4 protein chains.
Amino acid sequence: MSAGVGNKKSKEIGVGILGYSIGKAHAYGWQDLSRYFYPPKLTPKLIALAGRSKEGVEHEAKRFGFERSYSKWEELVRDKEVEIFDNCAPPSLHPEPTIAAAEAGKQLVCEKPLARNAKDARTMLDAAERARVKHMTGFNYRFLPAVTFARKLITEGTLGKIHYFKSAYLGYNGGFDDPSYPIKWMHQSETAGYGALADLGTHAIDLARFLVGEVASVSGASETFIKERPVAQGSSEKARVDVDDTTIACMRFREGALGVFEASWLTSGRVDYLRFEAYGTMGTIRFNLERLNELEVFIRDDRADLAGFRRVPVVGKDHPYMKTFWTNQGIGFAWQYSFTNELHHFIECLAEDKPLGPIGATFEDGYKAMLIMDAIAESSRTEKWVRVPE
Amino acid sequence: MSAGVGNKKSKEIGVGILGYSIGKAHAYGWQDLSRYFYPPKLTPKLIALAGRSKEGVEHEAKRFGFERSYSKWEELVRDKEVEIFDNCAPPSLHPEPTIAAAEAGKQLVCEKPLARNAKDARTMLDAAERARVKHMTGFNYRFLPAVTFARKLITEGTLGKIHYFKSAYLGYNGGFDDPSYPIKWMHQSETAGYGALADLGTHAIDLARFLVGEVASVSGASETFIKERPVAQGSSEKARVDVDDTTIACMRFREGALGVFEASWLTSGRVDYLRFEAYGTMGTIRFNLERLNELEVFIRDDRADLAGFRRVPVVGKDHPYMKTFWTNQGIGFAWQYSFTNELHHFIECLAEDKPLGPIGATFEDGYKAMLIMDAIAESSRTEKWVRVPE
Amino acid sequence: MSAGVGNKKSKEIGVGILGYSIGKAHAYGWQDLSRYFYPPKLTPKLIALAGRSKEGVEHEAKRFGFERSYSKWEELVRDKEVEIFDNCAPPSLHPEPTIAAAEAGKQLVCEKPLARNAKDARTMLDAAERARVKHMTGFNYRFLPAVTFARKLITEGTLGKIHYFKSAYLGYNGGFDDPSYPIKWMHQSETAGYGALADLGTHAIDLARFLVGEVASVSGASETFIKERPVAQGSSEKARVDVDDTTIACMRFREGALGVFEASWLTSGRVDYLRFEAYGTMGTIRFNLERLNELEVFIRDDRADLAGFRRVPVVGKDHPYMKTFWTNQGIGFAWQYSFTNELHHFIECLAEDKPLGPIGATFEDGYKAMLIMDAIAESSRTEKWVRVPE
Amino acid sequence: MSAGVGNKKSKEIGVGILGYSIGKAHAYGWQDLSRYFYPPKLTPKLIALAGRSKEGVEHEAKRFGFERSYSKWEELVRDKEVEIFDNCAPPSLHPEPTIAAAEAGKQLVCEKPLARNAKDARTMLDAAERARVKHMTGFNYRFLPAVTFARKLITEGTLGKIHYFKSAYLGYNGGFDDPSYPIKWMHQSETAGYGALADLGTHAIDLARFLVGEVASVSGASETFIKERPVAQGSSEKARVDVDDTTIACMRFREGALGVFEASWLTSGRVDYLRFEAYGTMGTIRFNLERLNELEVFIRDDRADLAGFRRVPVVGKDHPYMKTFWTNQGIGFAWQYSFTNELHHFIECLAEDKPLGPIGATFEDGYKAMLIMDAIAESSRTEKWVRVPE
């Protein structure tokens, strides 16, 4: 960062962020990568923060150490010092600003889901490719040590061929299971596209692709159990919720595996339960974001009387990313460091002009996840299996 | 049992069992109910055991204390002392012997799934109703203390209205995840009807109905990942597996809830994982057969800073059935006692001429579960949602 | 058993039981061993049950299928058909009847703790040895599959040399953590000798010896936190509790290991928590009676990035005892089967005239456990480490 | 911090750190408190880092953003801009520099254990009190949300009176369970005072005092199972380990409770297992640092059939400290933030001239913990209970 931890060994690169909700986690991520990957190949510098409320954005910009703030995204796009455009706004605000930023030659980071639908996502991907800039979709969970490690176990063959995969993201978003919780932008299709499917499910879908491969077809069902919410805390005026709060699907992967997918905001007791289970011909793994430092692993050819799920603490120096974090502490890696790792990966790919994949998620990955989400939504309407376009 | 624990206070009733695989668990169940529900209203007496191998059935009959044995099921049906006909043979042998027994006026118990398909199951239900005998399908897991308790929590309203329900039965049947494991009758549609769907899934489907209600429609997918198996241990000759080893489905319940269903034999590491999760408007419950003495319960209106899943040991004298078992021991209730409770329930309904439902499962429940299974199979073929007939 | 499961292939041997509290579990154990170890080398026959209340003992004797009942233990000792004398009375009633039975030439089983103190236990051991009969102390937990398996892992060297061992038995006995729970014989030294130390702790001490070896010295502390209890449910009259409800100790084993010991009735939330952890130079194991079908195993030389505790379901055909029980079921082995295994072991040693040890616990083991308990109690009084006599 | 996150609203205060092992966590803590407690009442400014190796300390100072570095602690003490002296050196280097800093009028933070023995710790406490400066011992685990919450549950009476308390710190320090792991300063009494007792145990002892109160007497046992280690990785030259690698103790609290204490470096499989269990007359709590975001709570007066341990995710906005962290994320709080909270507490007490206690640990708390550690060590030598001086 422009100052703070680390001495400026490496060239700086200017960052502009649009939106300061999840944008806050990005701001910390950009700053912290200088700390945990010291020295980074490029040092991110927080140039400007943009948001709708002039007052709000000014306050947050100061707090996080940005040099300036804007209340219009167009200003952020015009700012010459902003070299990386990091879009942390709601999905409805993803395409236009991101495409403008691409056309202005900025490097692109965009939060998930990439857009409200695949069509919009496609325009973003096309714009980024036309502009020949780097582009990343914010699938930060790929960068958890346990998830990266899970992928390693699969690709190295320890689990054999995966034939069955479950992924679910179940939670309550701090109160969405309560009908008196007021309406938010996530509850309306105009801003969010989809509901739990977009907010939570998109991560579960990306992990399916990250760990098992492309999805061939889906059959889903969506419901909106809480159909209206107060317009504000305690208000008796109600607004309509027009997105799913629960979506489920069966999936068939191109390579033959079956899959189950779930996303819900109404699963009381689940705090932040991004879960996957991958069953292979040689073994099984299980992951749960609520205990993100652990991976459960079953190896089929273990000694028969000692076979059982191993609860592997993914906190040792032999585990992905952990060399730079606090190893062998109870919990030395928290949720927010997934952004640190993710944004560092972006910086490194920029500095060395490397492709982001297969570990990092490009806009193409964001687009493909949207194709699957659109297919699930279509399937829920038509009550038929829907092929995911290749 | 004809003698043994308990003195014969109550009238005896003769039991004949067809098949001695799961039939072994039934034999113990009939015997043990005199012990745990002392004195029972009727005392079951093990009259005869029938099986194909004369030698085998003789040995087992002696071992379990039956008075005689038969190598043809017709002999069992003809035996006048057999008042309860307990069919523990594979599904292909369910309809004909059971219908004959009904026509001979015997009371009917039949293992799950009730038949290879709903059509056959319907003929059994019709025969039982025509004969005006009691009939029970062997959904023994309803009789686990934690499962009965789960139903109580739902029906008394502690969880509010259930909007999302997951049930899965994942396992490996002691080796089915190994392609070198030899073929069994469960691997062939002629004897079994379906594969994992019938063997395991039928329980998960029954629990969905038991806990949440009727299923309106389903969309499923089945696969046979291990397509052939040795005809015998170590043999190089292979036989074709023509049933599913993994089946998944999305479900819509009539009352509006969504559901996910899974059954697989290929889930290495899962030993006997019959799992359900019920999410309601006021709380959540989770159950896992591998820890059948526990139920996890989340209550939404708990004090906010103390909200969390309670791991309730369902082993106290206030819990269903436990008054008669060993309370407050680590594990004083095992899998096999589900049969004890189930068969005792049958005996009590017989003695008092009470309906088996809603706790006990009649042939109608067995038939309705088959309708859902047929619908899942059809859906997998047609790639469309399929309505379950009312 | 005299009737019931199994045909009488083997010679019968008559059993007499004194007391029908834990005696109930013994009655079932004697009966069930014919079922699970079929055919047994000797078939136990329930001859007579003795207890103080004529009416009570008659009812229970009938229920469990004993041929007769007595209200004086002397009658049981005099009964010629009683070949095995199984003492399930409180510790104060262990020495005299057991010694009389020994002198009458009966084979001896006695519940734990063997007596109220080591001196009394010694007289019982001496009498049994003089009479040259078999003698067993009821340390049934040795016969849990997971515990026997734990011992195997230690003796075969998988864990290396054990340097640290923790054993605890924490519970609440269905209500002892409630001061309004009425007084029982366990709460008074005259009948029980010690409190939680005797009732629960004796098992934890035996497992220490069973798994690690002899204890050299101890330093303990005992407390009676609930000092009086109602004489009956709801009564305002109180009786004094003069035994410990919580006892802890540090231990030094002869082979050099350190150990921690705990026993308490006042540990609310713990239902039946007999726990041990054994830390060796090559690995670690953990056991918990509340999940008695599982053993957690850590192997130090596992692949570094896959090292973690394995939760081993001790339910497979390769695990001790499981061949004869329901393998690969969620929970096919319950607490009460520890008695089945234990009593079968006794029967087998009788039939083949083999020594009970090292798996079975003789009166010598019962006596040695008492020496340790006495040493802990002395240490609590003197506030010094106390050597355990060799 | 001098720059970085946050704008400088508040007055700055200069920080000097001695040592850069755990000092690294302190450096991050000082920096991050401006982020999570924005704006802090005083803004820490990293002035100088001191360490023995000139080269090493220069590199680290640059990396963490210190203005300068020293290779002698005396220089740090003389630096006028250093207002807070934060001692992160081994215990042997605690007294002299800290006392010198006190005499120079600096505010004092010192890592745990406060010294090698109580006598030295006392001199530090006296010097701090003479100098009338603030002084804090680095018992950072008090500042975990779950631990602070545990204290709240106890002090508000939810658990009733605590009668039994267990605390243990079991681990392996990333390799200490391996005899080929080379010798470190923690393995020698000259630098460390005690071994596992000091390194790990001191935290478990502090939590006992923090949660239950003063300890009256102890009886302990220490062992050194690995008696020598290579002087360097792979070397055949060995050096003697003269401190405990395993220490256990029984404790009696002044208020009457019993306690068990454990500390070991040789508990393979335990990564960082700081554990406590507090059993009270009304309920029980359990904590485990390996899952530091959870607290298990049992409430005795819960509805009887719903009684069970609640696994409370201590991640909500109603939980201590969590308002400022990422609430309702799987794991939004990691080990290192305990330092952030701790150092912020120090800053706030400085800014408002408030006492640190009872939440923060002063040198008096550090001294009292040393008294208990000395008593345990003495008890291990004398084989008697030892009173802890008042």
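Reader: Which residue in S2(B) is the bridge partner of Gly14(B)?

Author: The model is a predicted one. Strand S1 (residues 12-18) of chain B runs parallel to strand S2 (residues 43-50) of chain B, and 7 bridges join them. In S2(B), Gly14(B) has as its bridge partner Lys45(B).

Reader: Which helix of chain B packs on the sheet, touching S2 and S3?

Author: The sheet is open and has 6 strands with parallel pairing, in the order S3-S2-S1-S4-S5-S6 (chain B). The helix that packs on it has a direction at about 165 degrees to that of S2(B). This helix, which touches S2 and S3 of chain B, is H2 (residues 54-64).

Reader: Which are the edge strands of that sheet in chain B?

Author: An edge strand here pairs on one side only. The order S3-S2-S1-S4-S5-S6 (chain B) belongs to an open sheet, and its neighbouring strands are turned by 25 degrees against each other on average, direction ignored. The edge strands of chain B are strand S3 (68-70) and strand S6 (135-137).

Reader: Are H8(C) and H10(C) roughly parallel or roughly perpendicular to each other?

Author: Helix H8 (residues 196-211) of chain C packs with helix H10 (residues 363-382) of chain C, the axes being 9 Å apart and at an angle of about 115 degrees. Angles of 65 to 115 degrees count as roughly perpendicular. Therefore H8(C) and H10(C) are, to each other, roughly perpendicular.

Reader: How many residues of the contact of H8(C) with H10(C) are nonpolar?

Author: H8(C) passes H10(C) in a right-handed crossing. Residues of H8(C) including Leu197(C), Ile205(C) and Arg209(C) meet residues of H10(C), among them Asp365(C), Ile372(C) and Met373(C). By class, the contact of H8(C) with H10(C) has 2 polar residues, 4 charged and, as nonpolar, 7.

Reader: In chain A, which element gives the largest share of the side of domain 1 that touches domain 2?

Author: The domain assignment of chain A gives domain 1 (12-140) and domain 2 (144-333 + 362-382). Their contact takes 22 residues from domain 1 of chain A and 22 residues from domain 2 of chain A. On the domain 1 side, helix H5 (118-131) and strand S6 (135-137) of chain A each give two or more residues. The largest share, 6 residues, comes from H5(A).

Reader: How many charged residues has the side of chain A that touches chain D?

Author: The contact takes 32 residues from chain A and 32 residues from chain D. On the chain A side, the largest share, 3 residues, comes from helix H2 (residues 54-64) of chain A. By class, this side has 15 nonpolar residues, 12 polar and, as charged, 5.

Notes:
Residues are numbered from 1 along each chain as its sequence is written. Chains are lettered from A and ligands numbered from 1 in the order in which they are written. This is a predicted model: local features need pLDDT of at least 70, side-chain atom pairs count only at pLDDT 80 or more; totals for chains, interfaces and linings use all residues. Domain bounds come from an automatic or database domain assignment. Two residues are in contact if their C-beta atoms, placed from the backbone, lie within 7 Å. Helices (H or I, at least four residues) and strands (E, at least two) are DSSP runs, numbered from the N terminus. Axes are lines fitted to C-alpha atoms, for helices over the stretch in contact, and angles run from 0 to 180 degrees between N-to-C directions. Angles under 35 degrees count as roughly parallel, over 145 as roughly antiparallel, 65 to 115 as roughly perpendicular and the rest as oblique. A crossing is left-handed if the near helix is turned anticlockwise from the far one by less than a right angle, and right-handed if clockwise. Ala, Val, Leu, Ile, Met, Phe, Trp, Tyr, Cys and Pro count as nonpolar, Asp, Glu, Lys and Arg as charged, and the others, Gly among them, as polar. Two strands pair if DSSP finds at least two bridges between them.
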